[in-house]
Amino acid sequence: MPEIRPILLVEDSPRDLELTLTALEKCQLANEIIVARDGAEAVDYLFGSGVHAGRADGDPSVVLLDLKLPKIDGLEVLERVKKDERLRHIPIVMLTSSREEQDLVRSYELGVNAFVVKPVEFNEFFKAIQDLGVFWALLNEPPPGGRGHGSV
Amino acid sequence: MKPSSSDLDVCAQEPIHIPAAIQPHGALLVLDPTDFRVIQASLNAVDFFGADTRVGGPLPDMLAAKADDLKAWHASNVALFQVPISEGALHLRAHRSGAGIIVEVETVPPGPEQDLFLRLRGLVEALSAARDIGGAMTVAADMVHALTGFDRVLVYRFDGEWNGQVVAEAGNGRLPSYLDLRFPASDIPAQARALYVSNRVRIISDVNYDAVPIEPSHDPDSGAPLDLGFAQLRSISPVHREYMRNMGTSASMSVSIMVDGRFWGLVACHSAEPHSVPVPIRDACDFIVQSLAMRIAAQTHGEDAQSRVALGRISARLLAAMTSGQSWLDGLVSVPEDLLAQVDASGAAIVAEDRYLCVGETPPEADVRSIVGWLSSRGEQDIVSTHALATQFPAAEPLAATASGIVAIRISELYPSWLIWFRPEVVSTVQWAGNPHKSVREVGRIHPRHSFNAWREQVHLQALPWTEAQLSAARDLRNAIVGIVLRNAEELAHVSSELQRSNKELEAFSYSVSHDLRAPFRHIVGFAQLLRERENSLDPKSMHYLQNISESALSAGKLVDDLLAFSQLGRTAVAQKKVDMNKLVAEVVRSVMFSAEDREIEWSIADLPVAWGDATLLRQVWFNLVENAVKYTRPRHPAKITVEGRTGDEMTIYSVTDNGVGFDMAYAGKLFGVFQRLQRAEDFEGTGIGLALVRRIVDRHNGSITANGEVDKGSTFTFVLPTSEKKGRALA
């Protein structure tokens with residue numbers, strides 16, 4: 001049984017944040033949920049820099065990343081993570097309001113692990129978040145030798 | 001241009017300037033310019049120059065008085081020395097030839113010279129009074145006829161390739177009229193033309209003369225043959241004598257017409273009987289003809305200027321028409337006379353990217369297109385002209401009647417677009433002023449009638465040549481067209497960049513809408529749901545309100561999704577692949593029925609032909625049409641929905657028919673508009689975008705859609721898609 005690692009939720013909209021957190025809560029996951037409110041904060045957390053300099057070791061089990069974010073947008077966060085040798089194994093799920101094909105194509109080009117359009121219907125939204133949490137936080141095995149995998 | 005008669009070929013090689021003989025109506029000596037010794041002499045020299053004349057001897061006594069004048073002339077650079085001798089009974093003419101001096105004498109019959117000058121003055125007045133070149137030529141021909149007494153006097157004009165045409169005539173009717181007859185270039189071969197330029201007046205008094213040989217025939221020192229090119233008495237070629245005999249003429253005279261230094265034509269005189277013309281009369285004729293030449297030159301310059309002005313006016317009108325018409329193409333053909341007059345053509349055709357226009361006499365379109373194919377295969381030329389198309393493009397031979405000559409200008413660099421002017425075969429355009437064949441008795445191997453046939457053969461499949469002025473007019477028109485096309489292209493480019501910019505804005509707008517407009521609806525639905533879960537004690541009214549909030553937000557969210565789908569359709573490319581419509585319809589019906597499980601529907605789905613297009617988009621069409629059919633048959637028990645398809649001419653046709661609530665055909669036009677609904681929302685839900693989306697998809701496939709309905713009876717939606725072979729839109 002791997003250690004329980006946190007979920008990083010990157011979301012700028014307070015209402016979406018509340019809904020998503022509620023949904024994750026209902027999944028009754030044991031994972032800690034770390035919230036970043038913009039792209040820059042997410043990058044700081046992931047790279048252990050800025051406000052998150054010297055944070056506790058251990059990478060998140062999954063990053064739920066909104067596409068439209070202040071400062072650094074979701075696609076750029078995705079690009080930086082997937083270009084980084086140490087971080088690229090972290091699963092990233094893009095959460096977005098849009099069905100824009102160009103965003104989808106770009107995300108997959110950059111190596112996104114999943115792309116989810118937030119459904120308007122709450123039950124569907126809830127189900128989507130639940131599925132994501134269960135799959136990426138519980139079921140997905142990180143590759144061996146990844147940082148934070150018993151390295152302390 | 002190759003002469004058609006082998007006899008005339010021989011003629012063209014004959015050395016006519018060195019016959020070593022003269023005609024018998026005069027005598028000839030060749031003098032050594034250093035000591036005036038006689039080097040050569042015609043055998044009849046004694047008869048004219050006196051008994052002391054002999055080859056190798058000194059200057060005959062008769063000429064002694066003129067020796068000093070001759071010496072002075074020879075030292076000068078004057079070409080000719082002419083003087084009356086023997087008290088005016090003889091005319092002496094001397095010119096240089098090779099190393100020697102040729103001296104010729106002829107007898108001069110007594111005549112009233114005073115009268116001659118008066119008549120010449122009258123002529124100059126008549127010439128200047130003539131209205132046009134044709135009139136001036138007739139005046140000159142009449143005058144030469146009156147002065148010389150020849151039976152027939154012709155004015156003969158060369159075209160650009162030395163073919164001749166009789167353009168004016170005077171005579172007494174003893175010889176047949178040759179007016180308008182045409183002769184091939186070979187009738188007056190090149191070396192003869194060269195002689196005619198240097199020696200303007202020639203006469204043959206009696207075609208049956210016995211030539212008088214010159215002794216010795218060659219220069220005794222150098223051995224060179226004697227060049228008689230400038231000699232008046234030169235014995236003429238046997239071929240020419242035969243030609244004259246066959247024409248029925250015994251005597252002839254010709255005077256070259258030189259216009260601006262160019263050999264423009266001839267005044268040719270003929271007599272049935274032998275006929276001599278003394279030197280002063282011949283000189284007078286030369287004077288008449290050169291006066292005519294000046295008149296022609298002046299008139300030609302005037303006409304040139306006039307025709308340039310006229311062409312300029314035509315060009316201006318064409319330009320105005322091109323810029324004021326719907327397109328320059330339509331503008332050009334709206335002034336067909338000007339279009340043809342620009343190059344004096346009898347027909348014109350324009351072959352552009354997707355247009356074919358023609359005016360006047362042109363070959364059929366298919367043939368014009370084959371000419372265009374030939375033009376385009378010739379490479380990068382912007383203007384192509386020929387007056388003998390068939391010699392370059394043999395396939396055009398059957399088109400000679402309309403397209404023996406063409407001028408073609410390339411209009412577009414991108415597409416094989418050409419403007420082509422046409423001219424018919426020249427033989428069919430020759431005007432006859434009379435019947436020249438009538439009463440012409442001709443025998444022998446060469447004569448004018450054969451010449452006419454030869455000319456006809458020579459110009460077979462040819463049109464009148466295009467003049468430099470006409471070609472330059474064509475070039476000017478091309479520049480104008482290219483200018484207009486370029487300007488149009490610039491305007492289009494400007495409009496299209498504007499469009500691109502506004503498209504970009506729209507894209508950005510819809511991108512932002514898709515992100516930011518959906519979110520609030522999601523929040524409303526989400527929090528309403530959370531509230532309902534949290535408050536277990538809500539009364540039914542409150543629950544109903546919450547329900548209304550959720551449903552409104554959901555339908556607004558759906559509206560946003562539909563609108564986005566609709567706007568995205570304009571931006572995404574339509575794939576063109578084979579689509580199995582049977583599969584699509586089966587899947588769509590399953591998926592629609594998923595949310596209408598309780599409905600009782602009798603489906604009738606026929607076997608559908610394969611379509612050509614984008615499967616995802618076509619699925620959307622089927623989905624919306626089938627969903628509508630299911631929706632609007634809700635009051636029917638059972639509902640009947642029929643899906644059919646068939647293959648038409650280069651298209652496939654599909655339809656969905658239901659027995660639902662139908663619609664009033666009066667509103668059929670509104671059916672496919674965005675946000676147009678014919679039903680009340682509480683009866684049938686919907687955003688009013690579904691059918692607009694369907695039509696947009698069908699449009700993007702170059703197809704079309706129609707609807708037929710009757711209130712309370714049902715409706716049929718039929719859409720048509722073009723097959724891959726079809727160019728252009730398929731119409732239902």
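B:Tyr196 is found in helix α7 (residues 190-198) of chain B, helices here being DSSP runs of H or I with at least four residues and strands being E runs of at least two, numbered from the N terminus. The model is predicted, so local features need pLDDT of at least 70 and side-chain atom pairs count only at pLDDT 80 or more, while totals for chains, interfaces and linings use all residues. Residues are numbered from 1 along each chain as its sequence is written, with chains lettered from A and ligands numbered from 1 in the order in which they are written.

So how does this tyrosine sit? B:Tyr196 counts as partly exposed because it has 19 C-beta neighbours inside 10 Å; buried would take 20 or more other C-beta atoms within 10 Å of a residue's own, exposed means 12 or fewer, and partly exposed is in between, with C-beta atoms placed from the backbone. Leaving aside residues up to four places away in sequence, B:Tyr196 touches B:Ser256 and B:Phe263, a contact being two C-beta atoms, placed from the backbone, that lie within 7 Å. B:Leu266 is 70 residues away from B:Tyr196 in sequence, yet their C-alpha atoms are 9.0 Å apart in space.

Chain B also holds an open sheet of seven strands, in the order β1-β11-β3-β2-β6-β5-β4 and with antiparallel pairing; two strands pair if DSSP finds at least two bridges between them. β1 (21-22) and β4 (80-85) of chain B stand at the edges with a single partner strand each, so one side of each has no neighbour in the sheet. Further in, β2 (residues 26-31) and β6 (residues 100-107) of chain B are joined by six bridges in the antiparallel sense. In this part of the sheet, B:Leu28 stands opposite B:Glu104 in β6(B).

Chain A has five helices and five strands, and its pattern along the sequence reads β-α-β-α-β-α-β-α-β-α. Of its 152 residues, 36% count as buried. Among contacts in chain A between residues at least 6 apart in sequence, 69% link residues at least 24 apart.

As for where the chains meet, the contact takes 15 residues from chain B and 15 residues from chain A. On the chain B side, α16 (468-516), α17 (518-534) and α18 (540-569) are the elements that give two or more residues. α17(B) gives the most to that side, with nine residues. By class, the side of chain B that touches chain A has seven nonpolar, six polar and two charged residues; Ala, Val, Leu, Ile, Met, Phe, Trp, Tyr, Cys and Pro count as nonpolar, Asp, Glu, Lys and Arg as charged, and the others, Gly among them, as polar.
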